Amino acid sequence: MAQIIDGKKISQDIKDELKEKVTALKDTGTEVALAVIQVGNDPASSVYVRNKKKACEYIGIRSLSYELPEETTEDALIELIEKLNKNETVNGILVQLPVPKHIDPDKIIRTISPEKDVDGFHPQNVGKLVIGEEGFVSCTPAGIIQLLKRSGISIDGKDCVVVGRSNIVGKPMAMLLLRENGTVTICHSHTKNLKEVCQRADILVAAIGKPKFFDESYVKDGAVVIDVGIHRNAENKLCGDVDYDKVADKVSAITPVPGGVGPMTIAMLMNNCVEAALRMNNR
Ligand code: NDP
């Protein structure tokens, strides 16, 4: 029987631990605050933003909400971020992506102060991850490391295959697994013999954005499978990049969708906010 890695429970544990930390910080006179900026009203973004605010409320983080109209100019957004960069009562700044087409997301990410970049997208934080310095790490891959560790799954010396090389999931995932002493292979759309490479994995991370792409033929007996994908199928049900029903009997552990990787992203965002406040206190 495969171990089902319970992201709902693990993320709840993390949020409860953070709640205690935030209460302790409040007792010393420090309030943790996150600025959340949304430009336009893309419905999926609105759901994400709402969930982030709800998590802040639960933990005791003050969330400052900036809901800007679709036609907001790039300059106006940059001006707001620069103001928040200077505001010492704000610990974290998050701009919900995607931004409207007339705004360059890379420019926006680079405008956020690296010390307040709780999404971990700023090139300075990406660089720190690569050279092993303390910074902020992209929340989804950071959450996956927590899922593995808190489920008692060792990474050290394991063959880890990450399928997908995006800046927010695949690449930081690979760096984090390497940091944990995994032997890491990164695959992408040009990879030859993807199936054979995946079959070698002790830990397989699927992050390609294709519903139920990975069936049992991609997976070694007893492997650990982490499914990052999130999709709605024809019946409006959520599914991942992995065909869970076909794979579950073959593996030693697997994340379900929903309830696996998904809830961890927000928990790690909250963790980064608390971390930002602690670091600001120590400066
Ligand atoms: P991107 O679309 O940015 O990247 C997809 C990656 O997969 C690319 O590197 C691409 O390769 C690779 N790829 C696509 N098709 C194949 C294929 N057939 N074989 C091998 N590699 C392939 O996606 P993201 O990384 O942003 O997200 C991946 C998935 O994770 C999505 O389903 C997304 O919704 C989900 N997600 C979930 C989160 C959560 O909180 N649970 C958070 C973030 C994402 P190439 O570079 O060559 O084009």
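## Close-up views of a predicted model

**View 1. A lysine placed over a tyrosine ring.** The charged end of lysine 19 sits over the ring of tyrosine 58, at 4.1 Å from the ring centre. As in every view described here, the coordinates shown are those of a predicted model.

**View 2. An arginine placed over a phenylalanine ring.** In this view, arginine 279 lies over the face of phenylalanine 136, and the distance to the ring centre is 4.4 Å.

**View 3. The surroundings of the ligand.** The ligand is surrounded by 23 residues, of which Arg165, Ser166, Ser189, Lys210 and Thr265 are the closest. By residue class, this shell divides into 10 nonpolar, 11 polar and two charged residues.

View 4. Isoleucine 230 takes part through its backbone, with an N or O atom that lies 3.4 Å from an oxygen atom of the ligand. Taken alone, the ligand exposes 930 Å², and 69% of that area is buried by the protein.

View 5. The structure holds three aromatic pairs. One of them joins phenylalanine 213 to tyrosine 218 in a tilted arrangement, with 5.5 Å from centre to centre and 50 degrees between the planes. The rings of phenylalanine 214 and tyrosine 218 have their centres 5.2 Å apart and their planes at 75 degrees, and because this angle is over 60 degrees the pair counts as edge-to-face. Through such ring pairs, Phe213, Phe214 and Tyr218 are linked into a cluster.

View 6. The structure holds zero disulfides. For cysteine 160, the closest cysteine sulfur belongs to cysteine 187 and is 12 Å away, which is too far for a bond. Cysteine 160 is itself buried, with a relative accessible area of 0%.

**View 7. Cysteine 273 and its nearest cysteine sulfur.** Cysteine 273 is in no disulfide, and the nearest cysteine sulfur, that of cysteine 56, is 5.8 Å away. Cysteine 273 is buried, and its relative accessible area is 0%.

Note on methods: Residues numbered from 1 in each chain as written. Predicted model: local features only at pLDDT ≥ 70, side-chain atom pairs only at ≥ 80, totals over all residues. Heavy atoms only, no water. Near = heavy atom within 4 Å. Polar contact = N/O pair within 3.5 Å; in protein donor to acceptor, adjacent residues only side chain to side chain. Areas by Shrake-Rupley, 256 points an atom, 1.4 Å probe, with all protein chains shown as cover. Nonpolar A, V, L, I, M, F, W, Y, C, P; charged D, E, K, R; others polar. Phe/Tyr/Trp six-rings, centres within 6.5 Å; stacked < 30°, edge-to-face > 60°. Lys NZ or Arg CZ within 6 Å of the ring centre and 35° of its normal. Disulfide = S-S within 2.5 Å. Buried < 20%, exposed > 50% of the residue type's maximum accessible area, 1.4 Å probe, protein only.
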